[in-house]
Amino acid sequence: MGKPRVATTSLAGCFGCHMSFLDIDERILDLIELVDFDRSPIDDIKHISQRCAIGLVEGGCCNEENVHVLYEFRENCDILISFGDCATMGGIPTLRNNIPLKECIDEAYRDGVTVYNPKNIVPQDPEIPLLLDKVYPCHEVVKIDYFLPGCPPSADCLWAALTALLTDKPVELPYELLKYD
Amino acid sequence: MTTRKITIEPVSRVEGHGKVTILLDEEGQVSQARLHIVEFRGFERFIQGRPYWEVPVLVQRLCGICPVSHHLAAAKAMDGIVGVDQLTPTAEKMRRLMHYGQTLQSHALHFFHLVSPDLLFGFDADVAIRNVIGVAQKFPDLAVQGVMMRKYGQEIIKATAGKKIHGTGAVPGGINKNLSIAERDGFLKDLDQMLEWSRAALKIAKDYTVEHLETLADFGSFDSNHLSLVREDGAMDLYHGNLRAITKDGDKIFDQVDYQSYYKYIAEEVRSWSYMKFPFISELGPEDGWYRVGPLARVNTCDFIDTPEAESARQEFMALTNGKPNNITMAYHWARMIELLHAVEKIKELLNDSDLQGSDLMVKGERRGESVGLLEAPRGTLFHHYKVDENDQVTMANLIVSTTSNNVPMNLAVEGVAKKYLSGMEITEGLLNHVEVAIRAYDPCLSCATHALGQMPLVVELHDSQGNIVDQRSRG
Ligand code: SF4
């Protein structure tokens with residue numbers, strides 16, 4: 001039997017959660033002894049290639065593409081983890097949820113101080129995904145098995161959770177590792 | 001006539017979300033290739049109404065890769081709002097240390113974790129090994145160096161900002177902590193090692209470029225304008241300076257422009273097929289005015305670098321093009337490693353400065369209604385511009401993030417590589433990676449670049465069997 005596979009993705013997040021994951025530093029060498037990576041922004045596997053033991057999701061859903069990726073992860077991962085405030089609660093991107101549409105478009109593409117838009121264009125193209133009406137946390141879209149809070153969760157928090165899951169131990173995070181900032 | 005479309009989605013080993021579409025005509029020739037930025041979040045509008053002192057902590061959530069850049073650019077703008085033009089030496093130097101720590105970690109991350117697999121294994125190596133884990137297995141020493149250099153940078157950020165990602169160190173008018181002797185000594189202990197590894201990384205990037213010069217000169221390369229901040233004496237300065245733009249030949253388009261009036265010099269064009277705008281130098285217009293930013297642009301625009309080792313590396317770099325700007329896209333990597341070494345030299349200079357242990361952290365001034373903060377983020381010039389009303393609430397925000405300025409250049413690089421390598425070929429994964437290699441040279445942070453704004457229209461169209469629209473609904 002091969003090593004368990006881990007897939008990771010960033011949806012409507014800032015990549016800070018992934019950066020925090022990389023803050024495990026030297027322990028990444030231990031991690032690659034334990035697991036193989038499947039789809040992740042750190043490699044060139046564009047879609048999950050085999051059944052994965054663990055999927056780590058950063059960011060909530062703000063567009064249709066995010067939802068498709070989240071479905072792909074749910075379908076192919078035994079354990080799905082929302083990591084970070086954006087994935088677990090929507091995070092800072094949800095600040096847009098109460099703002100009227102027209103104001104947003106005008107600000108970005110018409111009224112901004114440096115905007116040059118003589119033809120009055122608004123980005124709209126089959127190649128760019130439509131946005132959802134609001135930003136949603138992941139568990140409102142699919143079932144999520146574990147939630148790791150923090151903006152971002154610390155490297156130690158991620159490490160503790162991952163190693164517990166990979167060695168079939170209960171995930172018990174001490175109070176100091178749980179931060180909601 | 002288009003007969004085939006190829007999509008690379010998602011673009012990987014870059015930060016953020018993007019996709020490439022390539023259209024082939026019936027002869028299999030590439031007729032169009034584009035990099036689309038597919039995410040859209042929306043900071044400029046939703047920070048309106050937030051209190052100004054919250055902004056430096058809030059806006060860094062644009063980007064977890066270089067949060068310090070946004071944290072500091074916003075703090076610099078907010079210094080202006082609280083009427084402060086000159087920080088205390090301790091505050092200014094703590095912020096600089098944070099910024100050079102950030103430059104170190106970001107450049108190391110990009111070079112070792114994201115790009116080195118392409119350089120070490122080849123652009124069309126097996127997907128299974130063409131990543132940092134493959135590097136760790138084949139070249140463990142090198143991988144460890146990358147990891148440890150990034151860690152050093154992250155630890156500096158933690159010591160100056162309070163936290164490795166999304167810290168709180170810079171506040172309007174100053175900083176909220178100094179550097180303890182114990183922290184300083186911890187960093188000094190490992191400094192020589194960092195210098196040595198930076199020199200080695202620079203050598204890898206330089207040798208790679210020189211050895212492959214013939215191929216790289218024609219790999220998504222093109223002439224362009226270049227833009228960056230430079231110090232008053234023309235030196236490279238990543239934290240502060242005035243705007244300078246030069247042509248492909250090195251002639252100055254403008255120089256020593258006070259960035260408070262940046263909006264008279266730069267405009268951003270909107271195009272329908274990308275959420276990211278396309279900036280250009282106003283006086284040259286959208287056709288000719290686009291420019292590059294980031295390490296390549298900075299090494300090209302500055303007159304010199306004020307640290308000895310990086311300066312001699314710069315001279316070597318410029319000698320390759322007889323002192324004229326270097327316009328080779330893949331030379332970004334070499335330029336980036338010159339800056340990596342420069343960052344470590346700067347860190348050394350700062351750590352040996354006792355101002356870091358000073359206790360005068362904050363200044364106050366007369367409130368103003370509007371202010372601009374700029375700095376040179378790892379990926380290029382970063383613009384933050386705010387208006388704040390008498391209730392302390394933000395009423396206007398305009399952000400031009402580094403990667404946005406490289407939008408036209410990245411698209412040209414994508415098109416150039418696609419036309420050269422894909423036309424008339426049987427398309428393989430390895431060939432497609434060539435396109436991504438060109439994008440990666442810019443170290444794009446698509447995460448930042450998609451800050452533009454919250455919601456887009458969700459339009460549903462109902463078509464009849466002839467494809468005519470019979471009904472249309474939109475909501476918002
Ligand atoms: S939780 Fe914080 S660090 Fe993670 S993606 Fe969201 S904003 Fe970034």
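Q: What makes B:Gln256 count as partly exposed?
A: B:Gln256 has 27% relative accessibility. Buried means under 20% relative accessible area, exposed means over 50%, and partly exposed is in between (1.4 Å probe, protein chains only). So B:Gln256, at 27%, counts as partly exposed.

Q: What kind of model is this, and how are its parts numbered?
A: This is a predicted model, in which local features need pLDDT of at least 70 and side-chain atom pairs count only at pLDDT 80 or more, while totals for chains, interfaces and linings use all residues. Residues are numbered from 1 along each chain as its sequence is written, chains are lettered from A and ligands numbered from 1 in the order in which they are written, and side-chain values use heavy atoms, leaving out hydrogens and water.

Q: Where in chain A is the cis peptide bond?
A: Look at A:Cys151 and A:Pro152, which are joined by a cis peptide bond with omega at about -10°. Most peptide bonds are trans. A:Pro152 lies in the loop between strand 8 (146-148) and helix 6 (155-166) of chain A.

Q: How many helices and strands does chain A have?
A: Chain A comes to 6 helices and 8 strands. Both are DSSP runs numbered from the N terminus: helices are H or I with at least four residues, strands are E with at least two.

Q: Why is strand 5 of chain A called largely enclosed?
A: Strand 5 (residues 77-83) has 5 of its 7 residues buried, so the rest of the structure largely encloses it.

Q: What makes strand 5 of chain A a partner of strand 3 and of strand 8?
A: Two strands pair if DSSP finds at least two bridges between them. Strand 3 (residues 52-58) is joined to strand 5 by 5 bridges, running parallel, and strand 5 has 3 bridges to strand 8, also parallel. In strand 5, A:Ile81 stands opposite A:Leu56 and A:Tyr146 of strand 8.

Q: How do you know that strand 6 of chain A and strand 9 of chain B pair?
A: These two strands share 2 bridges, in the parallel sense, so they meet the cut-off of at least two. A:Val115 stands opposite B:Glu268 in strand 9 of chain B.

Q: How many residues of each chain are in contact with the other chain?
A: 83 residues of chain B are in contact with 60 residues of chain A, where contact means heavy atoms within 4.5 Å.

Q: Why is the meeting of B:Lys164 and A:Asp25 called a salt bridge?
A: A salt bridge is a side-chain nitrogen of Lys or Arg within 4 Å of a carboxyl oxygen of Asp or Glu. Here N to O is 3.8 Å, so the pair qualifies. Helix 6 (residues 140-161) of chain B gives the most to the side of chain B that touches chain A, with 6 residues.
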